[in-house]
Amino acid sequence: MENKSSSKIRQMFLDFFQSKGHIIEPSASLVPHDDPTLLWINSGVATMKKYFDGSVVPEVPRLTSSQKSIRTNDIENVGHTARHHTLFEMLGNFSVGDYFKEEAITWAWELLTSPKWFAMDPEKLFITVYPKDTDAKKYWESVGVPADHIIAVEDNFWDIGEGPSGPDSEIFYDRGESFNNLADDDPENYPGGENERYLEIWNIVFSQFNHKPDGSYEPLPHKNIDTGMGLERVVSIFQNAPTNFETDLFLPLIRKTETFSGKTYNDDKEQDVAFKVIADHARAITFAIGDGALPSNEGRGYVIRRLIRRAVMYGQKLGIEKSFLYKLVPVVGEIMKSYYPEVLEQKDYIAKVVESEESRFNETLNDGVHLLDQIIAKTKAANETKISGANAFKLFDTYGFPLDLTMEYAHDEGLEVDQDGFKTEMQQQKQRARAARGNRVSMGVQSDLLTNIKTPSRYVGYSELNVEHSVLKDIIQNEKIVSAAEKGEAQLIFDITPFYAEMGGQVADKGTITDEHGNVVAEVKDVQHAPNGQNLHTVKVLRPLETEKTYALKVDPHFHSKVEKNHTATHLLDQALRDVFGSHTKQAGSLVEPDYLRFDFTHFGQVTSADLQKVEGIVNQKIFAEIPVKTVETDIESAKKLGAIALFSEKYGKKVRVVSVGDYSVEFCGGDHVKNTNELGLFKIVSESGVGAGVRRIEAVTSAEAYEYLVSHDKLLRETAQKVKAIQVKDTPNKVAQLQDSLKAMTQKVENLETKMAKQAAANVFDNVKQAGQYSVIADVIKVSGMAQLRDLADDWKQRAISDVLILGTTVGEKANLLVAVSDEKVKAGLKAGDLIKAIAKQINGGGGGRPNLAQAGGSNPAGLKQALVDGIDWLAEK
């Protein structure tokens, strides 16, 4: 078996299954699309759920992919074991109701052992099977696997709870005696046991049952195949690497990190862990940010932030003091460029995000170390030997300190860490996170009703909004296929339809269905895609409908026209955003309604008013330029040569539709559009906001709605002009500025008068010096405008050196303010204003603090001010 590169191995796998009639599915974004059950795409099958649950019928039932995936459930093991990763690639082949065990097993053995393909030594391959799965055992024997290389294992049954399930076969590669970390008689020393010698490389799941909510299993009507082969593991075999980290997927990152640290990999086992963690995390954050996720304090963003902080901490262990992680982004891009060229295309943007987050963490790192030092000191002072789990978790959660690093710091000080307490805190956080995400729908099996309907249905709405002769082929009412529908709601499939089915953010058309006599028999409320791609019309039935009868289908032209305008506007907006912010900006979601459009896009940073003006100006320039909008249907490769922009979240068939607005905007799109940009009339952004970590949202209007928006704002401006007595509307800004300047001057005068009044009111206060024990004190409640005036009086008091302590109170509205000042001499002697304010603030139902020589407090009980002064004098007297 010759040494092969990771890119070669990946391509061989895909080529093999393509030769067996499989379509290669591109690696989907790590950010799940329309799947609230997942935080990240965490396996190859995760992107195939829509096929296995019947919600979408694939063009071809045989599929293969190399899917990038992220899992962080056991992040603490990364770097400490040979094969744990946060980001990994899962090679897989899938059958959706097509071939089953015999073909899956035959092809797996051919790929692994054929000299044309992987050429592995059959003697080094071992297979595990479910004990009751006699068919799988029979097929493995038939392809030539010796009986003593087939092991029955009770755990070989894949089950996620509810949904598809079934037995599986795991394939192990014997790496030889040199990898054996167990005694020969150890019960785990076998393929499938916990050992280093026998490496699991492939799992083939025979999905043949539906696990029902009541716990029972029923045979699936269509049996499926789902397999997963870890690319990193297979590469380690081909490259004879001790662990996954000595392969061409990780070594370039480790070598680059060596240049930052001045240390060498494989010189020290503990340092090696740091090298591995950094290499692993650099891959994960690069791909995650490239797919649109950004660092934040929740969800996916929190995972990225945690990975960055963890890598930085391990960099510190290697002696790397400055930001370095962002410099690994282009290295990741070079390693993966054969299959993921988009990483190198976005490397500058990704590096910018990483560097910003890395720098921010470096600023807080010292605070975290300072807190850890305090925790260690307090633990020792209390004669305890363990740092509490709560403190360890605070360091992890707030400052990004991994538990193992906290344990190492503690160990250096002769202390341990309460790991069980830490795990409890972590579990509680996970429960809070699950509660915050709410109830999620588990992967289930859709009814065969819609899946089995194969009736062809042709959409002609791009050119026709009225179809006079359309045959009603299927009626679904009350979850049954019927031949005649009664009044109520039903779902209909026609052989030809002008009604657009909701897709790509564009809402479905509305309209009517009439019979041969011109009677409206149904109103179309919604249109969606059925699993086999037909347009499925949800209608309100007004008169009886019958299959195989002919009806006239009429789309509401006004509704449709307004949607078309807004859809074309989203294309112009999409490109304008890239023009202003850069090519890293991507569509993160859209909604095209008749009255407005909503467009979500990825952007790291704020969006200014000037930015929005530029974007809005560009879109309107394209409208006023009267640019023709053209569509063409072609194959994917030809579309890419045209420069068409595709969305990672969308699946495209053999033929794609490309919408071009001149040579300005070229995109894959199956939606409806105007013939010329001049039909939009006008484009106006009405709002811009942040809707998540690194995701901004623009809402905008076009045509009549844009005109109405401007008219309403013009009216508001004219009303404002009248109120500020501007001679002309254009003078309003200057007039408002003048009023603001005048108001500022008047406010200053009022503040000056209040200061003078406060000083006059305090004249007698400063004369009334009392003795409280060893301290001279001035204490009184006075009438001033607020805390600012109290501070001014404290400054005056300090300059005049009238007493040791000053206690003043005042009422502002329904609130109470307290101020305490202490002379510098008494501060040096140990008296602190903060201690005194805390002792008396409870009388006003408040709290406060400050510097040793000046402290203040606010509260909700002005009636308690006098008692607070009494308490203050008593407190001083007792000192």
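**Entry 1: strands around β7**

I started at strand β6 (residues 157-158), which runs antiparallel to β7 and is joined to it by two bridges. Here strands are DSSP runs of E with at least two residues, helices are runs of H or I with at least four residues, and both are numbered from the N terminus. Two strands pair if DSSP finds at least two bridges between them. Phe157 stands opposite Pro167 in β7.

A note on the source: this is a predicted model, where local features need pLDDT of at least 70 and side-chain atom pairs count only at pLDDT 80 or more, while totals for chains, interfaces and linings use all residues. Residues are numbered from 1 along each chain as its sequence is written, and side-chain values use heavy atoms, with hydrogens and water left out.

Next I checked what else β7 pairs with. Strand β4 (residues 125-129) is antiparallel to β7, with four bridges, and Ile127 has Ile171 in β7 as its bridge partner. Ten bridges join β7 to strand β8 (residues 198-211), again antiparallel; there I found Glu170 partnered with Asn203 in β8.

Is β7 mostly covered or mostly open? Mostly covered: β7 spans residues 163-174, and twelve of its twelve residues are buried. Buried means under 20% relative accessible area, exposed over 50%, and partly exposed in between (1.4 Å probe, protein chains only).

**Entry 2: helix α6**

I looked up which residues of α6 (residues 251-261) are buried, and got Leu253, Ile254, Thr257, Glu258 and Ser261. Seen down the axis of α6, these fall within an arc of 145°, so they line one face of the helix. The arc is taken over the directions from the helix axis to the C-beta atoms.

After α6 comes Gly262, with a positive phi near 75°.

**Entry 3: helix α19**

α19 (residues 703-723) has 21 residues and reaches 31 Å from its first C-alpha to its last, close to the expected 30 Å. The expected span is 1.5 Å times one less than the number of residues.

Glu705, Ala706 and Ala721 are buried in α19. Down the axis of α19, its buried residues fall within an arc of 155°, so they line one face of the helix. On the other side I found Tyr707, Lys715, Gln722 and Lys723 exposed. Lys725 follows α19 and has a positive phi, near 60°.

**Entry 4: rings**

How many aromatic pairs does the structure hold? I got 26. Rings of Phe, Tyr and Trp (its six-membered ring) pair if their centres lie within 6.5 Å; planes under 30 degrees apart count as stacked, over 60 as edge-to-face and the rest as tilted.

Phe396 and Phe422 are both buried.

I also noted a cluster in which ring pairs link Phe13, Phe16, Phe17, Trp117 and Trp202.
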